Amino acid sequence: RSTSSRRQKKRPSPAPDGDAEAAGGSLVAIGLGDRREVWRAPLGAESRSGVTVDGEVAYVGDQDGTLYAVDVADGTVRWTSEMPGRIDVSIAASDGRVVAISRNDDDRRVVVAAHDADDGERLWQITPQLGATTASSATIADDAVIMGLADRFVRALDVANGQERWSSLALQLFSPLTAAAADEDAVFIADLGGGLYRFDATDGGRVVVLETATSSTGTEATR
């Protein structure tokens, strides 16, 4: 699958289509007032990434590895980008950058890629040598992309070029259902075993480890 992005202005479907639903999935907008369907944008495959909204654009990934940027107002697909594996963790979007993580079980590869929010141009991508495909969702904070990967390292990458700023070892793996929370001073992230970590946002120094009674598989770490 090509890693290049492509622009397109694809109008949403006005109503559900049985064949389209069977072949893939849809991103659906519901009005808060009347709870009626406002628009429906067809996707090429099932989606498990959840939806990230930044300004006037919603971002979603599908199991075929396609990243979609969809206009919130009318459901028009502004652009798409192809990733070399399924996208089943949340998309990170902030300050004109969109970061997606794809996972390919066949070659046990994780790819992290940043895109220009305006047109989907691929700005950089990295393929960490991990040997497994477990990864948390990414978070963009203070010009850094922060995530936990399969080698149990929490990494902070420069959002401009993908260069590693720091990495710090955790005790267990990370769930794809979790993401880091960060501010200018600290990064917080939870692992699969219920450990909650606080790292220094500047150099990744581990400040606090809190072991909780239950595993953390579906919530973001919060301060």
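The dialogue below sets values against definitions.

Tutor: Please keep in mind that this is a predicted model.

Student: Why is the contact of R103 and D88 called a salt bridge?

Tutor: The term requires a side-chain nitrogen of Lys or Arg within 4 Å of a carboxyl oxygen of Asp or Glu. For R103 and D88 the N to O distance is 3.0 Å, so the pair meets the definition. R103 belongs to strand β9 (residues 97–104), whereas D88 is in the loop between β7 and β8 (92–94); the two are 15 residues apart.

Student: What makes R103 and D88 buried or exposed?

Tutor: Buried means under 20% relative accessible area. R103 has 9% and is therefore buried. D88, at 12%, is buried as well.

Student: Which residues are linked with R103 and D88 in a network of salt bridges?

Tutor: The network consists of R86, D88, R103 and D105. In the whole structure, 11 salt bridges are found.

Student: How do you know that D107 and R109 form a salt bridge?

Tutor: Their closest N and O atoms are 3.1 Å apart, and the limit is 4 Å, so the pair qualifies. R165 and D158 also form a salt bridge, with 3.8 Å between the closest N and O atoms.

Student: Why is D107 called partly exposed?

Tutor: The class lies between buried, under 20%, and exposed, over 50%. D107 has a relative accessible area of 40% and therefore falls in this class. R109, at 28%, is partly exposed too, and so is R165 at 40%.

Student: What makes a set of residues a nonpolar core?

Tutor: Its members are buried nonpolar residues joined through side-chain atoms within 4.5 Å. The largest core here has 18 residues, and V99, I101, V112, A138, V145 and M147 touch the most other members. Strands β9, β10 (109–116) and β13 (144–148) each supply at least two residues of this core. The largest share, three residues, comes from β10. A second, separate core has 14 residues, including L67, W79, I91 and V111.

Student: Which residues does A138 touch, apart from those up to four places away in sequence?

Tutor: A138 touches S90, A92, V99, I101, V145, I146 and M147.

Student: Why is the aromatic pair of Y59 and W79 called tilted?

Tutor: Planes under 30 degrees apart count as stacked and those over 60 as edge-to-face; the rest are tilted. The planes of Y59 and W79 are at 50°, so the pair is tilted. The centres are 6.2 Å apart, and the limit for a pair is 6.5 Å. Y59 lies in strand β5 (residues 57–61) and W79 in strand β7, so the pair ties together parts that are 20 residues apart in sequence. Both Y59 and W79 are buried.

Student: What makes the pair of Y197 and F199 stacked?

Tutor: The planes of Y197 and F199 are at 10°, with centres 5.8 Å apart, so the pair is stacked. Y197 is buried because its relative accessibility is 1%, and F199 is buried at 0%. Ring pairs link W166, Y197 and F199 into a cluster. The count of aromatic pairs comes to three.

Student: How do you know that V72 can belong to a nonpolar surface patch?

Tutor: A patch residue needs over 30% relative accessible area. V72 has 34%, so this condition is met. V51, V53 and V72 make a patch of about 230 Å². V72 is placed in the loop between β6 (66–71) and β7 (77–82).

Key
Residues numbered from 1 in each chain as written. Predicted model: local features only at pLDDT ≥ 70, side-chain atom pairs only at ≥ 80, totals over all residues. Heavy atoms only, no water. Patch = residues over 30% accessible without salt bridge, like charges linked within 9 Å, V, L, I, M, F, W, Y side chains within 5 Å. Areas by Shrake-Rupley, 256 points an atom, 1.4 Å probe, with all protein chains shown as cover. Helix = DSSP H or I, 4+ residues; strand = E, 2+ residues; numbered from the N terminus. Buried < 20%, exposed > 50% of the residue type's maximum accessible area, 1.4 Å probe, protein only. Contact = heavy atoms within 4.5 Å. Phe/Tyr/Trp six-rings, centres within 6.5 Å; stacked < 30°, edge-to-face > 60°.
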